[in-house]
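Dear colleague,

I am handing over the structure we spoke about, and below it you will find my notes on what was found. Please read them with the structure open beside you.

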Amino acid sequence: MKMKKNLFGQSSDFLQNNLVPIMFIIICIICYPLAGFSPSYLLNEIVTRMGRNIFLILSLLIPIMAGMGLNFGMTLGAMAGQIALIFVTDWQIWGIPGVVLAMLLSIPFSVLLGMMCGKLMNMAKGREMILGYMMNYFVGGLYQLVVLFIMGPIIPIKHASIRLPRGYGIRTTVNLTSLRQCLDNEFAILYKGVKIPVLTFIIIGALCLFILWFRRTKLGQDMRAVGQDMEVARAAGIKVERTRIIAIIMSTVFAGFGQIIYLQNIGNFPTCTAHTQIGMFCIAALLVGGASVEKASIGNVFLGVILFHTMFILAPRAGAAITGDAMIGEYFRVFVSYGVITLALIMYETKKRRAKSQGGQLLAQAQREGGVRS
Amino acid sequence: MDKSERLQQTRLNQLVNTYGLPRLIITGFLIFLFIMAPVAGADFPTQITNVLNRFGWNAVLVLAMVPMVHSGCGLNFGIPLGILAGLLGATLSIQFGFTGALSFVMAIVISTPFAILFGGGYGALLNKIKGGEMMVATYVGFSSVSFMCIMWLMIPYTHPSIVMAYTGVGLRNMFSLDNFYANVLSDFLKIDLNPIDVNLVIPTGSLLFIALLCFLMWAFLHTKTGTAMTAVGSNPTFAKASGINVDRIRMLSVILSTWLGAVGILVYQQGFGFVQLYMAPFNMAIPAVAAILIGGASVNKASIGNVVIGTILFQGLVTMTPTVINSLIHIDISEVIRVIVSNGMVVYALTRKTEGGK
């Protein structure tokens, strides 16, 4: 009897913890026949998108470990990556050296922006997410200032192909023809119509290994301690503020690399708007994979990318098939991405609150029993 | 001598502390713009007219922040929800065949039950997640806007001036209010000084309507319920101890905010002359939030004065920078300045320590 109850409890727990992935699996299964894509086309699309997005999403893991929630400020790293790409395009450095140089160049920008973001987040403890979210827009303004007005008169831009005709500022779209898919095509394997970008996956694998290793280092342990309880960590002699800033800086740097990988796959980017949606899609994908605001693993990232992007590919076609209007499917996938984030945030906040009140109840009970001795 | 100097310095410090450095910079910048306007060749009365007009469009949306800030729910990033209620009111009022000023009144009437419904659900949700309202509010706004995008296509509207031109199914992205309630408020008792060669037009009706709403809000905050709301916002534990139903008050404040958001968008539309649907409500939260913060509000404190000052400063910035800066240095930098200023203001406010516990 007791075991039965336990089993039931377990399965309901499992359901509760994996509600979002299960929902997505169901959506994908329903949409798949309606959309009518061939399996090889679908598989090819998913593999391409995995190579494109996983690195970016992995950059979210470290702040979650440090208890800073979903790093909506990862967009800052994306902007740093874009600035580096603009320079590399201007200097006409082609192929893999160009990508590597862009990655190296993005580091100082990412570190600077990450440090700023981390410092501000330390000033707004408990409100990190909304602050990171607002930082997107704020730094987005600074980015536009740099790209549209400072690049040209102050920072020299030589090449006319990326400069606006008015003589300063960057054109609305930056063409990355010379870098296009140079990582993806290296050692790529074509198998039954599915192109597997081996080098990109090796880079992603390296980052996964790095994260696994990093968790075991002193700094990684410190971050987890800070994530669990800031005061306890402080009492144990961990420099809480510094650890949190480092977590954000690492996330920002990786997001910069991720954006460069993402854009080399696509092959061009709209100068002022390429970064705006990145944070939202990455966070939604991570949450779809079953992560929550305080807990995320590499497995969540992979599952999330596959499910989220399958939905993303299938939804417009399936929506058009059901309603006869392609726009409905389009809006549906936007709604789902926002809805998932909303759901995850609500679940996180209610859980946090329940834990708090439970703690209070436990304390009260202990006091009633006369057990609390100081 | 030394003493008075020091006194002056502390007074300056005090001013900076109470007024806030960014606010001081923005006010200074705006004054600079006003002084430079004649130099740049911009007509001063025209500028004033623009600022007044924009104030008339936006003030109610900014006012919608006040109840939620008062009850401690933080800045209402979920204002798109209220805007959606307003849009439902606007479209349904036109669909039912109302025209002219009556369509405006009916739009408010029709949007009210939606605002109460949305606000009630939203308030119940926010009561479950005390302390994390702002982030959730942002995403509740986003997901409801994208959900309504589907609805605008699915609800069977038929009125020819609002549905898509070719198919007749689904609403247009944007439609004109010329035969409906465009300028009903701003044309009421309008003072137009153009005949005596001054480019000044005062939208008296809009200003009166805003003054009325502000007065009602002020009066409400001084009733028993209003005082309870302030108590809940500044110290929920104390409020609970003195027998106030905290959840109910918070819910009320959210409903009020949502309703004001609905009225706010209708007022905005009557000034602007168009209704914008689909993704348009997406980006309406941040300007309103930024405006009230520029006016001197913080995450848990806001007054009617903050609303008025904030809206004037923010809209002044929005209208003055393009004309003045562009003609001074011939660079279209104003949009970027607006983005940096408004978002920087929100970031600044979030990093301030809040008084009173949550």
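In chain A of this predicted model, helix H13 (residues 278–288) packs against helix H14 (residues 298–323) at an angle of about 110°, and the two axes are 6 Å apart. Since angles of 65 to 115 degrees count as roughly perpendicular, H13(A) is described as roughly perpendicular to H14(A). On the H13(A) side the contact is made by A:Ala284, A:Ala285, A:Leu286, A:Leu287 and A:Val288, while H14(A) contributes A:Asn300, A:Val301, A:Gly304, A:Val305, A:Leu307 and A:Phe308. Sorted by class, this contact of H13(A) with H14(A) has 9 nonpolar and 2 polar residues, and no charged residues.

By class, the contact of H3(A) with H12(A) has 8 nonpolar, 5 polar and 1 charged residues.

Helix H5 (residues 74–91) of chain A has 18 residues and reaches 26 Å from its first C-alpha to its last, close to the 26 Å expected at 1.5 Å a residue. H5(A) is mostly covered, with 15 of its 18 residues buried, and the residue that follows H5(A) is A:Gln92, whose phi is positive, near 60°. In chain B, helix H7 (residues 133–154) has 22 residues and reaches 31 Å between its first and last C-alpha, close to the 32 Å expected at 1.5 Å a residue. H7(B) is likewise mostly covered, as 18 of its 22 residues are buried.

Where do the two chains meet? In the model, 35 residues of chain A are in contact with 30 residues of chain B. The elements that give two or more residues to the chain A side are helix H6 (95–123), helix H7 (128–150) and helix H15 (326–368) of chain A. By class, the side of chain A that touches chain B has 25 nonpolar, 6 polar and 4 charged residues.

Leaving aside neighbours within four places in sequence, B:Met65 is in contact with B:Leu75, B:Asn76, B:Ala288, B:Val289, B:Ile292 and B:Ala302.

Some loop residues also deserve a look. Most residues other than glycine have a negative phi. A:Gln181, however, has a phi near 50°, a positive value in a residue other than glycine, and it is found in the loop between strand S1 (173–175) and helix H8 (182–185) of chain A. With 18 C-beta neighbours inside 10 Å, A:Gln181 counts as partly exposed. B:Tyr278 also has a positive phi, of about 55°, although it is not a glycine; it lies in the loop between strand S4 (274–276) and helix H12 (285–294) of chain B. Is B:Tyr278 buried or exposed? B:Tyr278 is buried, because 20 other C-beta atoms lie within 10 Å.

Finally, B:Phe188 lies in the loop between strand S1 (174–176) and strand S2 (191–192) of chain B, and is partly exposed, with 15 other C-beta atoms within 10 Å. Not counting residues up to four places away in sequence, B:Phe188 touches B:Thr204 and B:Gly205.

With best wishes

Note on methods: Residues numbered from 1 in each chain as written. Chains lettered and ligands numbered in written order. Predicted model: local features only at pLDDT ≥ 70, side-chain atom pairs only at ≥ 80, totals over all residues. Contact = placed C-beta atoms within 7 Å. Helix = DSSP H or I, 4+ residues; strand = E, 2+ residues; numbered from the N terminus. Nonpolar A, V, L, I, M, F, W, Y, C, P; charged D, E, K, R; others polar. Expected span 1.5 Å × (residues − 1). Buried ≥ 20, exposed ≤ 12 C-beta atoms within 10 Å, placed from the backbone. Axes fitted to C-alpha atoms, helices over the stretch in contact; angles between N-to-C directions. Parallel < 35°, antiparallel > 145°, perpendicular 65-115°, else oblique.
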